[in-house]
Amino acid sequence: MGLDALNPPKPEDIHETLLEFPDNRLLIDLCGEFDRNLAQIEHQLNVHILRRGNQLAVVGDGAARGQAAAVLQSLYQRLESGRQIEAGDIDGEIRMGMFFDAPGDSAGPEAQLEMFKGGRVEIKTRRKMVEPRTEAQKAYVQNLFKNELAFGIGPAGTGKTYLAVAVGVNLFISGHVDRIVLSRPAVEAGERLGFLPGDMKDKVDPYMQPLYDALNDFLPGKQVEKLIAEKRIEIAPLAFMRGRTLSNAFVVLDEAQNATTMQMKMFLTRLGEGSRMVITGDRSQIDLPRGVQSGLREAETLLKDIDKISFNYFTAKDVVRHPLVAKIIEAYDAKEAQG
């Protein structure tokens with residue numbers, strides 16, 4: 001039974017877990033401005049957290065109280081390691097329900113997989129440490145390091161592309177690949193955009209902007225510009241991939257539901273020696289003309305039983321954007337299920 005302001009529990013039914021944090025400066029960061037971090041934990045886990053000097057008392061049911069205590073301890077360890085706390089970090093700790101010590105700096109795929117066996121999954125990039133926030137995301141990241149070809153399929157906001165680019169940056173800065181290639185089909189999403197002004201780059205950049213946004217989250221802006229100028233990072237429409245062999249590269253095809261069957265076959269056969277390829281897509285947002293089959297759907301059917309090709313699926317429960325996004329996706333899924 002959780003805490004209910006309208007029906008407060010009897011004093012004899014109130015149980016608390018007391019936690020002590022020796023560093024008051026870190027405790028202030030743990031609580032957040034105006035105790036907003038504590039308020040988020042209270043709201044999501046239905047507990048009450050009281051501050052007493054350098055101690056926090058967690059009041060609530062046994063399971064929720066234990067989980068809240070574990071979240072607080074894990075977040076404090078995060079601060080001790082020199083990292084900050086954001087709302088998404090708190091949400092991720094609560095969702096994962098597993099709390100481990102932070103790992104060392106193991107960069108390669110094999111070392112990363114060994115690290116995962118020990119608990120927490122973290123992807124090191126130049127600008128930030130990236131952590132999966134759901135079990136589905138964790139399994140996806142493990143497969144990105146383990147397999148040379150991986151598919152991530154599910155609704156918007158589940159981190160499919162973001163995590164793939166993070167892994168690509170990790171392998172790039174650790175020297176396991178020589179370049180990163182990011183691609184999307186340049187398909188109009190229902191609107192007629194007309195003839196965009198400028199040169200070829202100006203025309204295709206609006207389609208590629210989400211990929212630029214992800215890169216800028218993981219690498220300093222000037223470094224991204226320099227690497228693009230040196231062609232060590234390429235961001236290009238799917239049509240530009242024809243005739244190429246991509247060796248020693250980390251390759252991502254985003255919005256793959258909008259690739260035709262021929263385009264998908266063309267892209268998949270670009271895989272070269274020393275490369276890894278990730279295909280991400282959302283089957284509920286196909287913008288291809290009526291009657292044109294999605295290459296993503298066909299690839300699922302044809303490749304699902306081949307070894308060393310992984311398929312990871314996400315649902316509305318894995319959405320890590322605004323909580324309303326998950327509810328919106330669930331509403332549309334329910335309507336589609338009804339026919």
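# Chatting through a predicted model

Reader: Let's jump in at arginine 244. What does arginine 244 count as, going by relative accessibility?

Author: Arginine 244 counts as partly exposed, because its relative accessibility is 23%, between the cut-offs of 20% and 50%. Bear in mind that this is a predicted model.

Reader: Ok, and which residue does arginine 244 form a salt bridge with?

Author: Glutamate 234 is the partner, and the closest N and O atoms are 2.9 Å apart. Arginine 244 sits in the loop between β8 (233-237) and β9, while glutamate 234 is in strand β8, so the pair ties together parts ten residues apart in sequence.

Reader: Is glutamate 234 buried or exposed?

Author: Buried, with a relative accessible area of 15%.

Reader: Which residues do salt bridges that share partners join into one network?

Author: That network is made of Arg78, Arg83, Asp89, Glu122 and Glu131.

Reader: How many salt bridges does the structure hold?

Author: There are 14 salt bridges.

Reader: You mentioned α10. Which residues of helix α10 are buried?

Author: Helix α10 covers residues 261-268, and its buried residues are Met264, Met266, Phe267 and Leu268.

Reader: And what covers those buried residues?

Author: The cover includes the strands β6 (149-153), β7 (179-184), β9 (249-253) and β10 (276-281), along with α11 (295-303).

Reader: Switching topic: at what angle do helix α1 and helix α2 pack?

Author: Helix α1 (residues 24-31) and helix α2 (residues 36-45) pack at about 50°, and their axes are 5 Å apart. That angle makes α1 oblique to α2.

Reader: Which residues meet there?

Author: From α1 come Asp29, Leu30 and Cys31, and they meet Arg36, Asn37 and Leu38 of α2. By class, this contact has three nonpolar, one polar and two charged residues.

Reader: What does arginine 36 meet in a salt bridge?

Author: The side chain of arginine 36 meets that of glutamate 33, at 4.0 Å from N to O. Arginine 36 is exposed, because its relative accessible area is 53% and the cut-off for exposed is over 50%. Glutamate 33, at 49%, is partly exposed.

Reader: What about rings? How many aromatic pairs turn up in the whole structure?

Author: The search finds five aromatic pairs. One of them, phenylalanine 21 with tyrosine 76, is tilted, with 4.8 Å from centre to centre and 50° between the planes.

Reader: Where do phenylalanine 21 and tyrosine 76 lie?

Author: Phenylalanine 21 is in the loop between β1 (16-20) and α1, and tyrosine 76 is in helix α3 (residues 62-80), so their pairing ties together parts 55 residues apart in sequence.

Reader: Is phenylalanine 21 buried or exposed? And tyrosine 76, buried or exposed?

Author: Phenylalanine 21 counts as buried, at 3% relative accessibility. Tyrosine 76 is buried too, with a relative accessible area of 5%.

Reader: Last one: which residues form one aromatic cluster?

Author: Phe151, Phe311 and Tyr313 form that cluster.

Note on methods. Residues are numbered from 1 along each chain as its sequence is written. This is a predicted model: local features need pLDDT of at least 70, side-chain atom pairs count only at pLDDT 80 or more; totals for chains, interfaces and linings use all residues. Side-chain values use heavy atoms; hydrogens and water are left out. Buried means under 20% relative accessible area, exposed over 50%, partly exposed in between (1.4 Å probe, protein chains only). Helices (H or I, at least four residues) and strands (E, at least two) are DSSP runs, numbered from the N terminus. Contact means heavy atoms within 4.5 Å. Axes are lines fitted to C-alpha atoms, for helices over the stretch in contact, and angles run from 0 to 180 degrees between N-to-C directions. Angles under 35 degrees count as roughly parallel, over 145 as roughly antiparallel, 65 to 115 as roughly perpendicular and the rest as oblique. Ala, Val, Leu, Ile, Met, Phe, Trp, Tyr, Cys and Pro count as nonpolar, Asp, Glu, Lys and Arg as charged, and the others, Gly among them, as polar. Rings of Phe, Tyr and Trp (its six-membered ring) pair if their centres lie within 6.5 Å; planes under 30 degrees apart count as stacked, over 60 as edge-to-face and the rest as tilted.
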